[in-house]
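Let us take a friendly walk through a protein model together. Please have the sequence and the 3D view open as you read.

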Amino acid sequence: MPFGSGDRAQVQRIIDQLGNLATDLAAVKQQVADQQHTIDQIRRDTTAAITNGLAEIRAVARDALARTNDIVTGPVASIGGELVTIRSAITQLDNQIRTQTANTPTPADTADPPEPETTPAPEPETPPEPAPTVEPQSAPEPPQPSDEPDTETLRAAAGISTATLHAHRDTWEFIVKHAGTDQHFHLPAEVQDAAGTILAKVSGPSLVAALTSLHRVSHTADDAGTRAIAAHLHERLVETVQEIVTRPHRGDGAEAVRIVIDDRAAPTDTDT
């Protein structure tokens with residue numbers, strides 16, 4: 001259906017409004033572009049100002065450091081020179097004092113020698129009676145071990161690769177205390193703690209050190225309790241090593257050496 005005059009007028013109004021909108025949009029775009037240009041200019045000006053300010057601050061700091069260095073360096077150098085002068089004067093004064101002391105005669109050198117005194121002839125005296133001879137008393141010798149450790153037992157202990165010691169921690173500390181100073185004793189890398197008892201893997205040389213040390217302490221310790229503990233532990237170690245002497249075995253195929261220090265009473269019939 002063809003447009004009437006009213007429709008054409010409405011379409012014209014719409015076209016005019018679109019034109020106005022396009023004009024307004026172009027104006028908005030121009031404003032945005034102007035504002036962006038202004039922002040960029042502000043950013044450039046701010047960056048330049050900050051850069052110039054930092055440069056001025058650096059220059060001021062360098063100038064201040066230079067002045068400080070000039071202020072401090074001069075007095076320090078002057079003080080160093082004065083110290084050298086004082087040290088030189090002290091050295092010269094010390095040399096003069098030593099020279100004067102060496103050249104000054106002592107009172108013993110200037111004093112007149114004493115006149116010899118006349119000694120009267122001694123009168124004959126009655127010879128004194130000889131004092132009774134007192135025989136010197138020798139100091140008591142320290143107690144010595146009654147016998148030396150058995151060489152065969154020590155050699156058998158030295159051949160043990162590893163022995164597991166099962167004992168109370170106090171017992172282990174007693175062994176370490178008295179055998180730890182021996183040159184052949186070595187603390188194991190690991191000691192397992194199990195409900196108050198320990199499992200320590202000791203080597204053959206450490207067993208040799210324990211045997212010799214405990215044997216010595218069992219005979220020479222001042223305390224009776226220490227001698228008793230050392231003797232008991234020495235006896236237990238000897239018993240274990242003697243089993244190896246009577247039934248020797250090398251390599252695999254045999255149980256590892258185990259030393260158990262845990263004496264208990266035998267069970268009664270009612271307990272069983």
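## What counts as a contact

Two residues are in contact when heavy atoms of theirs lie within 4.5 Å. With that in hand, we can start with one residue, bearing in mind that the model is predicted. I244 lies in helix 6. Setting aside neighbours up to four places away in sequence, I244 is in contact with I160 and V257.

## The chain as a whole

Now step back and look at the whole chain. There are six helices and four strands in the chain. Followed along the sequence, they come in the order α-α-α-β-α-β-β-α-α-β.

Of the 272 residues in the chain, 17% are buried. Consider next the contacts in the chain with a separation of 6 or more: 72% of these join residues 24 or more positions apart.

## Helix 6 and its partners

Two packed helices are described by the angle between their axes and the distance between the axes. Helix 3, which covers residues 151–158, packs against helix 6, residues 224–246, at an angle of about 80° with the axes 9 Å apart. That angle makes helix 3 roughly perpendicular to helix 6. On the helix 3 side, E152, T153, A156 and A157 take part, and they meet V238, V241, Q242 and V245 of helix 6. Sorted by class, this contact of helix 3 with helix 6 has five nonpolar residues, two polar and one charged.

Helix 4 also meets helix 6. Their axes come within 11 Å and cross at roughly 100°, so helix 4 and helix 6 are roughly perpendicular to each other. T171, F174, I175 and H178 of helix 4 make this contact with T226, I229, A230 and L233 of helix 6. The contact of helix 4 with helix 6 has five nonpolar residues, three polar and no charged.

## Helix 4 meets helix 5

Helix 4 and helix 5 pack with their axes 9 Å apart, at an angle of about 85°. Are they roughly parallel or roughly perpendicular? They are roughly perpendicular, because angles from 65 to 115 degrees fall in that class. Helix 4 brings F174, I175, H178 and A179 to the contact, while helix 5 brings A209, A210, S213, L214, R216 and V217. By class, the contact of helix 4 with helix 5 has seven nonpolar, two polar and one charged residues.

S213 is buried because its relative accessible area is 1%, and buried means under 20%.

For contrast, turn to Q183, in the loop between helix 4 and strand 2 (191–194). Q183 counts as exposed because its relative accessibility is 66%, and exposed means over 50%. The C-alpha atoms of Q183 and P205 are 9.2 Å apart, with the two residues 22 apart along the chain.

## The cavity

How many cavities of 30 Å³ or more does the structure hold? There is one. The largest cavity contains about 60 Å³ of space. Its lining is made of L165, W172, I175, F185, V202, S206, L207, A210, L237 and I259.

Helix 4 (169–179) and helix 5 (204–220) each give at least two residues to the lining of the largest cavity. Helix 5 supplies the largest share, three residues. Which classes do the lining residues of the largest cavity belong to? Nine are nonpolar, one is polar and none is charged.

## A residue in strand 1

One last stop is H166, found in strand 1 (residues 162–168). Beyond its neighbours within four places in sequence, H166 is in contact with T197, I198, L199, R258, I259, V260 and I261. For H166 and I259, the C-alpha atoms are 6.0 Å apart in space, while the residues are 93 apart in sequence. I259 is also among the residues that line the largest cavity.

Technical notes: Residues numbered from 1 in each chain as written. Predicted model: local features only at pLDDT ≥ 70, side-chain atom pairs only at ≥ 80, totals over all residues. Heavy atoms only, no water. Axes fitted to C-alpha atoms, helices over the stretch in contact; angles between N-to-C directions. Parallel < 35°, antiparallel > 145°, perpendicular 65-115°, else oblique. Nonpolar A, V, L, I, M, F, W, Y, C, P; charged D, E, K, R; others polar. 1 Å grid on protein atoms, 1.4 Å probe; cavity = no way out; pocket = protein on both sides within 12 Å on 5 of 7 lines; lining within 4 Å. Points joined across faces, edges and corners; volume = space filled by probe spheres on them. Buried < 20%, exposed > 50% of the residue type's maximum accessible area, 1.4 Å probe, protein only.
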